[in-house]
Amino acid sequence: MSVNGDGQDSRGAGAGAAPDGKPAFRPYRHPAAGWGAATSVGRFVAREGALVDGPRATLRMNHENTGFDCPGCAWPDTKGLRLDVCENGIKHAAWEMTNKRVGRAFFAAHSVTELAGWSDHDLEDQGRLTEPMVYDPESDHYVPISWKDAFDLVGSALRALDNPNQASFYTSGRLGNEATFLYQLMARELGTNNLPDCSNMCHEASGRALGASLGTGKGTVDLKDWESADALFIFGVNAASNAPRMLTALTEAHDRGAQIVHVNPLVEAAATRTIVPHDFVDMALFKPTPTSTLNLQPRIGGDMALLRGMAKAILEQAGTDPKALDQEFIDRHTEGFEAYRARCEATPWEEIETQSGLGRAAILKAARVYREADRTIVSWCLGLTQHEHGVDTVREIVNLLLLRGNVGREGAGPCPVRGHSNVQGNRTCGVDHHPTDAFLDRLGEVCGIEPPREPGLDTVRTIQAMRAGDVSVFVAMGGNFALAAPDTPYTFEALRACDLTVQVSTKLNRSHIVHGSRALILPCLGRTEKDHQREGVQKTSVEDSMSMVHLSVGMKRPASPHLLSEPAIIAGMARAALPDSATPWHWYVEDYDRIRDTMARALDGFEDFNRRVRLPLGFRLRQPARELVFRTPSGRAEFCSAALPDVVPAAGTLALGTMRSHDQWNTTVYSDNDRYRGIKNLRTLVFMNRADMRERGIADLGPVDITSTAKDGSRRSLEGYLAIPYDIPRGCAAGYMPEMNVLCALSDYSTQSDQPIMKHLKVTIAPAA
């Protein structure tokens with residue numbers, strides 16, 4: 001049996017309620033999406049009691065400023081597409097629109113100690129939170145509290161701090177831009193830059209790499225570029241589960257003859273074929289479309305070596321074929337090319353093959369696809385970033401693109417895939433623990449405050465500070481911090497060491513059960529619900545993963561009359577914590593246009609915000625690198641000449657990466673099934689290469705113990721997991737988060753990005769004792 005930091009069976013950490021049968025594994029042989037997705041959605045919507053709202057949501061989700069933005073992934077909306085939805089998006093909306101409720105009667109019937117023994121699925125499955133609650137230590141129950149008293153509690157706790165840096169303000173990607181702006185304004189008016197966010201755990205490496213290489217922390221492409229690229233390279237992305245609407249772009253690319261290369265240790269369903277549900281003819285004919293022309297399976301962490309090999313091949317070809325390089329682009333727009341050329345020449349093919357886990361022929365095949373394409377997009381997700389060398393790997397992507405001038409022109413460029421709606425907007429609108437002086441100068445001038453200049457704490461350092469007693473008030477806007485963070489037992493201890501924890505949420509989750517001495521649950525409106533304020537129903541804005549900013553408006557009556565919007569909750573906390581503030585918090589909440597008018601003056605790129613955001617599909621934030629303006633020290637795009645890291649596991653060890661199942665969104669697990677990987681009734685598993693299993697004497701579905709070794713030499717274990725033979729390179733293994741987060745020590749974070757290295761843990765796996 002696997003045990004987490006609380007001594008409970010970790011199969012409860014995300015597992016479904018009661019399995020409907022024994023664990024089973026059968027390889028998935030069908031197209032992604034299609035009728036399997038439609039059937040799954042129908043069952044799920046019925047289970048949540050959303051038989052009316054579910055179908056309505058499919059017609060209102062992701063529509064040009066008249067519907068609500070999908071609360072799931074951050075893939076851009078498509079103009080004119082009536083059903084711009086996906087299986088997981090509908091599930092996420094239905095999960096929020098459930099008719100189940102969690103009110104005072106529920107909390108009166110269940111103590112926190114009792115709820116600590118419930119599975120995370122069971123906690124969230126109770127339904128929507130309906131009123132603010134405060135923890136009563138004498139009874140060990142949450143009890144009702146008025147909004148005024150809740151805000152007063154937050155305000156008094158913050159005012160009592162000796163130093164504002166003893167508070168930390170976390171946000172997940174679900175927060176809209178207007179609420180984000182108010183949130184960071186509150187923190188900075190209090191006097192702290194302690195603004196950790198989920199980017200610290202997912203795409204921090206992308207931002208740092210792109211900033212260093214191109215002078216912008218975002219990708220340079222948009223959806224139109226995807227429609228005109230000759231080649232698409234997809235690294236470390238499980239699109240069918242994490243960004244399912246990408247499948248439409250992949251099928252369209254295949255139909256026009258583009259080359260599509262998927263790079264992933266596991267060949268995921270999206271890398272084979274699909275039936276896009278809104279293609280009604282294909283659905284009727286059961287006609288799948290291929291979504292790839294080449295699949296490459298490097299070892300975990302081997303992507304940088306593959307990219308280096310592709311660049312080396314291009315440079316070698318340039319000796320006889322000058323057109324292999326765009327020398328004019330390199331000379332006019334880049335810096336450091338000769339040093340990078342020398343680095344590639346000095347990197348032997350043997351090292352490239354060893355570190356990538358791929359043969360030279362496969363690497364040359366990928367290089368040929370890149371060489372023969374006039375316009376290439378390289379896209380990636382957490383499979384590249386959650387590594388020690390994540391920044392260097394993303395910079396290697398830019399190196400490859402620069403060789404052929406694939407930056408700053410149509411149909412080409414780097415494209416990080418953000419996995420959560422508005423996580424990019426959070427950073428754009430000020431949730432950043434290390435803001436620039438220019439941002440703070442402008443914020444201070446526009447808002448009439450003196451923002452702090454000392455860099456704040458990111459996610460890892462916030463956990464360390466809470467555990468050490470240096471942060472005593474922790475506020476979380478959305479998410480499930482207790483489960484999303486690494487080193488689960490340590491994170492639990494850190495939260496419990498706080499004087500006050502505040503969770504702004506829509507549904508019950510583990511972060512409400514693992515709390516500080518004092519704790520508040522503040523229930524907010526969901527993305528699908530109407531936000532009524534004094535000046536009428538409000539719209540909020542979000543930014544997708546390709547820098548488009550657009551409006552979202554809810555369609556449904558709120559789950560409870562006692563819910564407040566996120567801007568209203570932030571304003572309530574701010575007024576209580578800053579009684580002498582000149583910021584018009586109440587006035588802002590009456591009409592979100594007022595917030596946007598201030599944002600238009602304070603944020604670069606948001607000029608004329610209220611008009612432009614109401615255009616069809618909103619507006620795109622300017623990306624200087626797209627216009628060949630590089631805000632780097634040299635004023636040019638910078639090549640990076642980093643050495644290849646050694647990613648080959650030591651003898652007897654494996655490299656393990658954590659990932660989501662298909663029936664899961666971040667820490668929310670809908671069931672114990674993973675349709676695209678052929679799993680039923682099981683989450684406590686590890687996918688392994690069959691030869692690695694045989695070498696260790698492990699049978700199919702045999703119980704195993706998994707032990708990780710951290711950078712600091714400490715060890716963590718999970719016991720009794722079941723081993724699944726899978727098509728994954730030798731020396732590699734994979735399993736689900738959040739259950740496996742316990743294996744990632746807090747010290748296991750990248751020195752390049754400060755991200756937890758959840759995709760590259762060093763483990764040993766043996767038959768269960």
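I began with I449: setting aside neighbours within four places in sequence, I449 is in contact (heavy atoms within 4.5 Å) with L185, R188, E189, L443 and G444. The model I am reading is predicted, so local features need pLDDT of at least 70 and side-chain atom pairs count only at pLDDT 80 or more, while totals for chains, interfaces and linings use all residues. I number residues from 1 along each chain as its sequence is written, and side-chain values use heavy atoms, with hydrogens and water left out.

**I449, continued**

I placed I449 in the loop between α22 (437-447) and α23. Helices here are DSSP runs of H or I with at least four residues, strands are runs of E with at least two, and both are numbered from the N terminus. Is I449 buried or exposed? I449 has 10% relative accessibility and therefore counts as buried. Buried means under 20% relative accessible area, exposed means over 50%, and partly exposed is in between, with a 1.4 Å probe and protein chains only. I also looked up Y340: C-alpha to C-alpha, I449 and Y340 are 45 Å apart in space, and they are 109 residues apart in sequence.

**Helix pairs**

I noted that two packed helices are described by the angle between their axes and the distance between the axes. Axes are lines fitted to C-alpha atoms, for helices over the stretch in contact, and angles run from 0 to 180 degrees between N-to-C directions.

For helix α23 (residues 459-468) and helix α25 (residues 488-496) I found an angle of about 55° and axes 7 Å apart. α23 and α25 are therefore oblique to each other. Angles under 35 degrees count as roughly parallel, over 145 as roughly antiparallel, 65 to 115 as roughly perpendicular, and the rest as oblique. On the α23 side I listed I463, Q464, M466 and R467, which meet Y490, T491, E493, A494 and L495 in α25. The residues of this contact divide into five nonpolar, two polar and two charged. Ala, Val, Leu, Ile, Met, Phe, Trp, Tyr, Cys and Pro count as nonpolar, Asp, Glu, Lys and Arg as charged, and the others, Gly among them, as polar.

Next I checked helix α17 (residues 349-356) and helix α18 (residues 360-372), whose axes come within 10 Å and cross at roughly 95°. That makes α17 roughly perpendicular to α18. Here W349, I352, E353 and S356 in α17 meet R360, I363 and L364 in α18.

**The sheet**

I traced an open sheet of six strands in the order β6-β5-β18-β17-β16-β7, with mixed pairing (two strands pair if DSSP finds at least two bridges between them). β6 (141-144) and β7 (167-171) stand at the edges with a single partner strand each, so one side of each has no neighbour in the sheet. β7 runs parallel to strand β16 (residues 473-477), joined by five bridges. Helix α27 (residues 566-577) lies across β16, β17 (500-505) and β18 (518-523), at about 160° to β16.

Which residue in strand β2 (residues 32-33) did I look up? It was A33, which has a positive phi of about 65° although it is not a glycine. D487 is not a glycine either and has a positive phi of about 50°; D487 lies in the loop between α24 (481-484) and α25. D487 is buried, with a relative accessible area of 5%. Last, I found that the peptide bond from M737 to P738 is cis, with omega near 5°.
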